[in-house]
Amino acid sequence: MIGVLNKLLKRSRRGKDGSIVLDSARKVTGGKTRTRVVMTMAVFLGIYVAITGRLVWFGFQGPTDSGPPPSRVTASRPDIVDRNGEVLATDIKTSSLFAEPRHIVDADEAIEKLATVLPEIDYEQTYKKLKSGAGFVWLQRQLTPKQQSEIMQLGVPGIGFRTEKRRFYPAGETASYIVGLTNIDNQGISGMEKYIDDQGLADLQLSGLAVAKDLKPVKLSIDLRVQHIVRNVVAEAMEKYHAIAAGGVVLNIKTGEVVAMASVPDFDPNNPYNAQDKDRLNRMSAGLYEMGSTFKSFTTAMALDSGKVTMESKFDASRPITIGRQTIRDFHGKGRVLSVPEVFIYSSNIGSAKEADVVGIEGHREFLHRLGVLEKMKTELPEVAKPTEPKVWKKVHSITAAFGHGVSTTPLQTAVGCAALMNGGFLIEPTFLTRSADQAMEVAKRVVSEKTVEGMRYLYTLNAEKGSGKNARVPGYRVGGKTGTAEKVVNGRYSKDVRFNAFVAAFPMDDPQYIVLTIIDEPKPEMPGRGATAGSNAAPMVANIIRRAAPMLGVKPDFGQENAATLVSY
Amino acid sequence: MFRTSDIILIAVMVSAAAMTYKIKRDAEVQQTAVYKIQAQIRTEEDQIDLLKADWSLLTQPSRLQRLSDLYKDQLGLQTADARQIVRLDELPEKPPLTIEDIMADNGAPGVDKEKTASISKDKAATTDRSKSANKPKSGDKRPVVAIAKPKPAAKDKLASNARVAATDKIAEQIEDGADE
């Protein structure tokens, strides 16, 4: 080819010299060859330009809208287990089936094949979906791995799977308030789930280091069995007494561990559509109440601890106390002089007010703070309310606080305060994580003396034997406790008919291990004519919990000491 | 043209290439196997997680309570009463088991009549022996003494035999009961 070109060039050069030019030979072939070459080049160039142009055009074109939506990066979370290792919350991988209708060859065949694995599939709807010509449709969410592998075996073209991580709560509503919830991005938004995030998991997830395998399960102090019993008893009671809410807590007084805590109404964490409702509130730690007569435990303990009052001290409860516009009366008035145990078991408001009077206003306030009843509780659970108290304590406040009115606190804190009066005088912050008794003693603060504790144990036992706590007794388990029937404020006045009842119990009384506290909000009498005081609803709740849960808590029944309280002489 | 060393070097080169190829290929095969196993492990792990969740769902106290309520008639389960829980040291002491008691309890069918007879004979022999111990001069008693001599051990053995028989019988009764 190069030779031909040279010849051509030579010929033309020669022509310019003025020598003889044989033009015709060139004209016969050369001219045509030239145009052919040019044409061929043009055609090829055209083809390449078209290809390049098309490529550029494709490059600018976005990908067609087929395939699933971009995958959400769901972060791994550690499992949450109870004290016995039972799963309370776990991550499970689920796969969802999608189809790309454009790639479906035969919609009828595809549906028929899928129906062998998914019998509940809707033929008509699925057919419409597959014929819609859309880029992407979901066919079935959350398949089991077995179904997934079976569908894969079918070999239907145009369908695929997308795995999603989902938080699953096997216990459902049983421990909903304690375990809490996660949002769609698997971040904790309430309960212990939020606590775990605040402990650094959130940062770990952000940095992408939260690998499922490295996350150790978080062990809670909750015992799922006891938790179920408490939730069950509380839910039954709410229905039985037509109350607006109820709750219960079981607290280990030696370690401060919350073994069970339930509040109804609650929600199902697997389907928390109503979790944000107004009445869905963990009343045990986030509800503030005037705890009523259960506060008399604190008043009596304070009076005994001050050393100014002994068990033999007498208080005149024959006349109501009038202070300002308020008159303090007794619910079960005896109209006579009462000893300290009598003030306690007859739940005398007048007697309690006089006990508080002995200690003084500032002393009273200081004591309640010392017991942590009026401080904001420090615990793992994020939903904790701050107790309220009068800004300036006057005499009337001290008097009303003596029987649990005028100051409001959370039921859990009341239980913790009572635990301090039972466990030897140590205030131990409650925890939802496991803790041994030794670890608890490191954080414990002594708040009352050994002698006061002894007296309080005696009074609790006595009250269950002879006083308002009779309904809380469980044969064999030596229960002692104190009722609390508080009148609720309706339109700025204390109402006679709307009540908030509580019962705080400790057992077994010869060596208290657990505090059980139940609350019930606005109970109605079980049957017309019956009372709706704490003794007739909150106390039986405690009894039901202890009867069923005590064997699981490892408390040994003992019938030998059934009448110990009457025999003990203080 | 080719020297021997060249031929050797070429051979070495070829074999080295072949070896490299083989190793590479083997490694690829192994790699595929590893990927496969890893995928399998992942699926298994996911499955374990799922089964764990399933297990805790099935053993939920609330579910068990619902079931026991539903099948109350058939199961007859009740909440354990405090009186049903007893410590070991609170159990009344069991009177020591004697061979006569077992035999009296078992009655005729369980125990071999012959054996019973022989045991009582044995017992009789023992008493004889204690008597004869006082007067060892009577030579005709000798064989009886010889039989009676290993008595304590023999009695234990017999007792344990009888006990075995008794437990067998209990097992039988249980099986019978199950059949009914």
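**Exercise 1. Determine what percentage of the residues of chain B count as buried, and describe the elements of this chain.**

Solution. Of the 180 residues in chain B, 3% are buried; a residue is buried if 20 or more other C-beta atoms lie within 10 Å of its own, exposed if 12 or fewer, and partly exposed in between, with C-beta atoms placed from the backbone. Chain B contains seven helices and zero strands. Read from the N terminus, its elements follow the order α-α-α-α-α-α-α. Helices (H or I, at least four residues) and strands (E, at least two) are DSSP runs, numbered from the N terminus.

The model is predicted: local features need pLDDT of at least 70, side-chain atom pairs count only at pLDDT 80 or more, and totals for chains, interfaces and linings use all residues. Residues are numbered from 1 along each chain as its sequence is written, while chains are lettered from A and ligands numbered from 1 in the order in which they are written.

**Exercise 2. Identify which residues of helix H3 (residues 107-117) of chain A are buried, and explain how they are arranged.**

Solution. The buried residues are Ala110(A), Ile111(A) and Leu114(A). Viewed down the axis of H3(A), they fall within an arc of 95°, so they line one face of the helix; the arc is that of the directions from the helix axis to the C-beta atoms. Asp108(A) and Thr116(A) are exposed on the face turned away from the buried side of H3(A). The cover over the buried residues includes helix H4 (123-131) and helix H5 (145-154) of chain A.

Definitions and conventions
Contact = placed C-beta atoms within 7 Å.
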